[in-house]
Amino acid sequence: MMLPLFMFIPLLGAVLIAVLPARHSRLSVLFPLLSLLLVSTVMRRGGEWSLPWLPDAGIALRFELDGLSMLFVLLVALVTLVALVTSLLIGKTDRGYHALILVLQSALFGVFTARHFIPWFLCWELTLIPAYLLIRLWGGGGAPKAALRFFMMTLGGSAFMLVGFLALQLSVGTMDFDALGKLAANSEIAPALAKAFAFTGLSGHALLLIVALAVFLGLAVKIPVVPFHAWLPAAYAEAPTPVTMLLTGLLSKMGVYAMLRIFLPVFPEVLPPLAPLLSWLAVATVLLGALAALAQTDPKRMLAYSSVNHLGYCALAVAAVAASQADRTAMSSAISGTVLQAFNHGIIASALFFGIAVLEIRSRGQRGLNDFGGLRAQTPVFCGVFGIAVFASLGLPGLSGFVGEFLMFNGAFALTSAAAAVSVIGLLLTAVFLLRMMRKVFWGPLKPSLAKLPDLGKEERWVFGLLLLLIVLPGLWPQVLLGPANPAIIDLLDHLRPFP
Amino acid sequence: MTPAWTIPSAFAGALLVLLLPARMAMASRVVALVAAIVGALAAGVSCLARLRDPDAGIWSFNVPWVPEPGIRFHLAADGLALTLLFLTGITAIAGVLFSWNVEKRPRAFFAWFLTIIGGAYGVFLSRDAFLLFVFYEIVILPKYLLIAIWGSTNKEYGAMKLTMYSIGASALILLGIATAYAAAGGTSFDLMHLASANYSDGLQAWAFPVLFLGFAVLAGVWPLHTWAPTGHVAAPTAASMLLAGVVMKLGAYGALVVAMPLFEQGFEQWKPVIAGLAVTGILYGALTALTQKDLKFVIGYSSVSHMGFILLGLAVANHWGLRGAVMQMISHGIIAGLLFGIAGRVVYERTHTRDLMALKDFDLWKTLPGAALGFTLATAASMGLPGFSGFVAEISVIIGLWQKWPWLTALVALGIIVTGAFSLRALHRAFFPERSPSDAPPAKLPPLTWPEISAIVLLLAVSIAIGLYPKPWIALIDEALRSPLFQSFLTQP
Amino acid sequence: MNYQILLLQLLPEAVLVFTALVLLGVSVGVESKRSRPVTPRLTIGIATAGIVLAFVALLREPAQAGSGTPLVAMDLLARVGKGLALALGLLAVWLPPARGESRNVGEFHALMLFALAGLLLAAGTNHLLFLFVSLELASLSLYLLVGFPRTAKAAEASMKYFLFGAVSAAFMWFGLSLLYGFSQSAMLPVIGAKLGADPGSLLAMAGLLMFLAGIGFKLAAAPFHYWAPDVYQGGPATSVALVSAASKLVGIVVLVRVLSLGFQAAAGSADWGNMTAGWSLWLAVLAAVSMIFGNLLALAQTSMRRLLAYSAVANTGYLLTAVVANGSKSSGAALFHVVVYGLATLGALAVTAAVERERGDDRITSFAGLIHRSPFQAVCLLVFLASLAGIPPLAGFFGKFAIFSSVLAESTREGNPGLVWLVGLGAVLSAASLYYYLTVIKQAFVFQSGQSDSGRLPASHALCIGVAALALVLLGLCPTMISASIARAVGSLMP
């Protein structure tokens, strides 16, 4: 019974915030805290909850919290908390804004715990509305266009995904992820598709390939994988910084999570033929993301492309797993890396965007890379903590970013060595543009206009402190994250036996 | 409370409102609201009772009315009737709330309004073809007057067109029912009796389309749908809500419980034609909505498109199709009511325009955030996103369609995509316009009133409740679909 | 011949005639004594008393059949027809003459009673000659009533009515003589027996055709309807009310009686694909033409009275449709509908008269804003027009539905399409008729009017409107109030 509460508490918060007078909007921070508390109570045992919905079509509102979900749920609560605090710090206190963030949180909980397509898709789509409104209504000058593009592209992807799953419902009669996984393991989906779509004259394998592509399309837009990333830079740049945190820290993880939870288990049969496509798309994502980041002068846009680049690694690892199911150790490494990367990137990106927010507060909205310079002396603490976040992002050993990327590349080299090798260029480029940002902002002569810039305030130190803890701890001790997720990863591995 | 409360509550409310002194406008609103709430409560409580004890006999009321031709006053409330009664009740409450500030002759307004509600209750409860037709016809004049007196935009034309379509369709229904009555021996109008009679193939081949078309016109079947957009646009808000929410459902309901059970062989013959018309309606309505400039026209054409799903579900006539059709009746009733309520009352009353370009100047999300939020959710519901009632309905119809004519699903899917496109276009242009900073700041608009907020919340809550937990509704509908009335044409998988 | 029994048989008519004489006497007396004309209130009171007394007389047990003169039929149909005609006549009497028409009001009401007496006699006879004479008694009174006001319009209307009526009488007379020549008798059962033995007789068919043409004039069936619009527009509302309600009712009673008793053998058939010559076919053509003409021409009217005239033509079409089916149920439906139709038209005329009192003309636009001027009249007008259009729960709906369903039930057997064509035409045109009724309703309810200066209606005028509206509502909710006795009455004639 805890699971509905997960979703209900933020929703209740949203209603309260929306109804209470505007001055109480800061109370919104309480709700992610409450969620964290709840998550910690079920940390060990997980949970399950199900409500029959259309029983004779096998549709149920089924939710389950296992180790994998747990990580993502934790991430949702943490990033939402940071985003809300950041919002208050930068003076965004509108009731609607806070309420929408809480709605988003609720929907994200649903996405990461739902085990049936219907409730999952419901929450998946539900994230769209608050995200759209948050960008649209509280974003910068170009927000309307950016928000619309974000909305339409994601929705377009979802439509394909919906059609894909409908095809499954109509042929095998269920959209439950676990049930589909079982059917897939027994190779029952392709024949059923062939039977149901006999009038198309296509073979079951080809049909399954089409369905898998449709589902992939929906997920690819969300991650995003090149060339479906067109919505991302504008949306990230135009959104208010806390919302950007949510977008990159959480919404992009929906795609990664779904890759692990849905795409791999449901379509194991067609993974090998899809693998080349997936891996080269992933390589393109890694490289284009990095190259584009190099060309940016707006740090928000730069970090946006950096996110594309980082999530490209996740896509690469998934593609590697898809390419060959022979080497179990390598697969385990790639999947564990993906999970870690998803969590860590969420935290690191939050820290980086929080840094941007700190800059924005001090510069009254200016945030071009060339507007700053020499801040190291003026704001040493800020420089230090931001530096740690940057190094975590480019994968310095000892910080969390390293572990995930190492594991992913470890697996990927074994499974698709060529793609992995090309992607390494991305790693180098990442270092280049991140360090360039550090140099432009913190080194060099201090710009006179920045002479009175204050260093971090108390609240800001607290936030950075929390985030740094979450960056350093898993870097030194990855088991703290991998431990709970391990059973789920092993399940997945068991599932992905090679198909003839 | 039994379903017996529904019809009298509406008619008694109408009478009471008329008897109030002319200056007591507030009292007339309250009476109308109370009457609507009593009806909705009765329907809701009966639904619950039915769910709790599905084995108990259904509520019925059966006395002779005009014995000589065999007309009985026969009402019965199976699950199908109950769900639709509930829809009517909810729409009635929301309609009264959205009409709270009607200043022009409020007594007459609410009296006619409640008369339509009462007629709708009657249709849903009737188990006698004649009685059903009587209630069906009662609705016509009040509809005309509501639109012609309290309407806007070309109201006399819209009202007249709507009324002539309705009465023309009624002539077909009359012909169909009278034919069935005559051919079944001329002794009884009871639906079961008429349905169990044997009609010759030749008779069914022409009598079915006549009867079905009569009902389908009111359900907005393409190409006889043109009354719907003009009528909806011309009507005052509450009447638009009723028209799209309830009256169009009367047509669909009539087709389901009268036309199809009576002439099942005729239905079998004409099925593909109906399905073709329905799919055409889905696509045509959606594409036309994509090009409209008036917000209410967008909603009006979207109704045509959504009603296509109902007709499609009926044409499919397997368990999924019928269930989906009924779910869509409820779902579209709620959602259309909500869309019309916000567009017609909340927005139009304040901005005096529904032109999508003109609304740009009001920057509605800033000036009326509540309405923008409500309309956004309603749009999401109308697009058939999961979590709202529309999804349950449409997916059921699609599953049914898949079992019957798989290749048609592609066209329907296209219709759904276009639906998404026009819904978002209208939402975006009307509520989230792109404005350059140089534009004049929008005029201040009065905030939402409590009746408006309650109506929006009520309708949204029902749609979401059904969307999140459709099981009880499905249980009610399934139980009703097991009635012998439907077995002759219900194709088993 | 036992004159005592004859008197008992004709007691209602006798009461009416006696009351008419009283009226004449009173008005002469009052005028000579007080040297000012008698008031409509007094004459309406006397006429009402007379009609009520006639009704009481009608309710008495009938004298045994066969003991009186064979001229007078004492069957149930006669009694029910007479009762209904009296009721409609009473409502017409209550409609007071307009302001300019109130001279010699005693004579006016006396003439109405004479006309009513004629109609009653016509409703209760099986003898064609007696029928003819009764109808002429009624018609002559009606000609005078239509032309009663000394205005050019009334005179023209009366003249037209008289000319058409005279021609129709000539037709009828000629037809009767042919029939008499054929059967050597004017008694319907005798003619029926003769015709049964010799069904194809050209002589009888020609006579019947002539007779039907005559009745067609009386009923204003197209194409014999040309007098109707002018009479409806030019005559006093009271006279028109009598013409449209009671007279049409008796016309249908006569038609049903004559055809069912005398001409069953010459019915022919109007069934689709199986048409054979006979009165069914002829009447079917009349019905179709009437429905089409009446409804289409009504669409174009700007005068309320002319609109009602064309609506009368259209309704004759529905009534004839029912007669065509030649069954007891459909004939019963026709009788029910003619009563309902009469009530509605009478009521609509009464409201029109009220509007004329205030606005001076009967243009449809003069009804604008009636709901503000007089909610009572407006709501009643809504009832009348909605009933005419066949909208439930008003009686008109039930009447039309009864006609259509019973015609189908009686004509379609074993997959035979029967009269579906005629019913379909009727149903569609009847739906179209809502359009022109709605134009009036729209004026009354939707539009605003300038001034609102309405003197109070005379009590009897309001009573006439109110009772007619109430009757329509009650008959709609509970049609058995009269439909049961009508069904028994018709059933006594046709099995």
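**Close-up views of a predicted three-chain model**

**View 1. The largest cavity and its lining.** In this predicted model, 17 residues line the largest cavity, and those nearest its centre are C:Ser139, C:Leu142, C:Tyr161, C:Lys218 and C:Ser247. A cavity is a set of points on a 1 Å grid over the protein atoms alone where a 1.4 Å probe fits but cannot get out, and lining residues have an atom within 4 Å of a point. The volume of the largest cavity is about 160 Å³, taken as the space filled by probe spheres set on the points. Helices H6 (128-146), H7 (152-183), H9 (202-219) and H11 of chain C each supply at least two lining residues, and H6(C) gives the most, with 5 residues; helices here are DSSP runs (H or I) of at least four residues, numbered from the N terminus. The lining comprises 11 nonpolar, 5 polar and 1 charged residues, where Ala, Val, Leu, Ile, Met, Phe, Trp, Tyr, Cys and Pro count as nonpolar, Asp, Glu, Lys and Arg as charged, and the others, Gly among them, as polar.

**View 2. Helix H11 of chain C.** Helix H11 (residues 237-262) has 26 residues and reaches 36 Å from its first C-alpha to its last, close to the 38 Å expected at 1.5 Å a residue, the expected span being 1.5 Å times one less than the number of residues. A kink of about 30 degrees is centred on C:Ser247, the bend being the angle between axes fitted to the seven residues ending there and the seven starting there. Because 25 of its 26 residues are buried, H11(C) is largely enclosed by the rest of the structure; buried means under 20% relative accessible area, exposed over 50%, and partly exposed in between (1.4 Å probe, protein chains only).

**View 3. The loop at B:Thr153.** B:Thr153 is found between helix H6 (140-150) and helix H7 (155-183) of chain B, and is partly exposed, with a relative accessible area of 39%. Leaving aside neighbours within four places in sequence, B:Thr153 is in contact with B:Val233, B:Ala234 and B:Arg354, contact meaning heavy atoms within 4.5 Å.

**Notes on all views.** Residues are numbered from 1 along each chain as its sequence is written, and chains are lettered from A and ligands numbered from 1 in the order in which they are written. Local features need pLDDT of at least 70, side-chain atom pairs count only at pLDDT 80 or more, and totals for chains, interfaces and linings use all residues, while side-chain values use heavy atoms, with hydrogens and water left out.

Note on methods. On a 1 Å grid over the protein atoms alone, a cavity is a set of points where a 1.4 Å probe fits but cannot get out, and a pocket is an open set with protein on both sides within 12 Å along at least five of seven lines; lining residues have an atom within 4 Å of a point.
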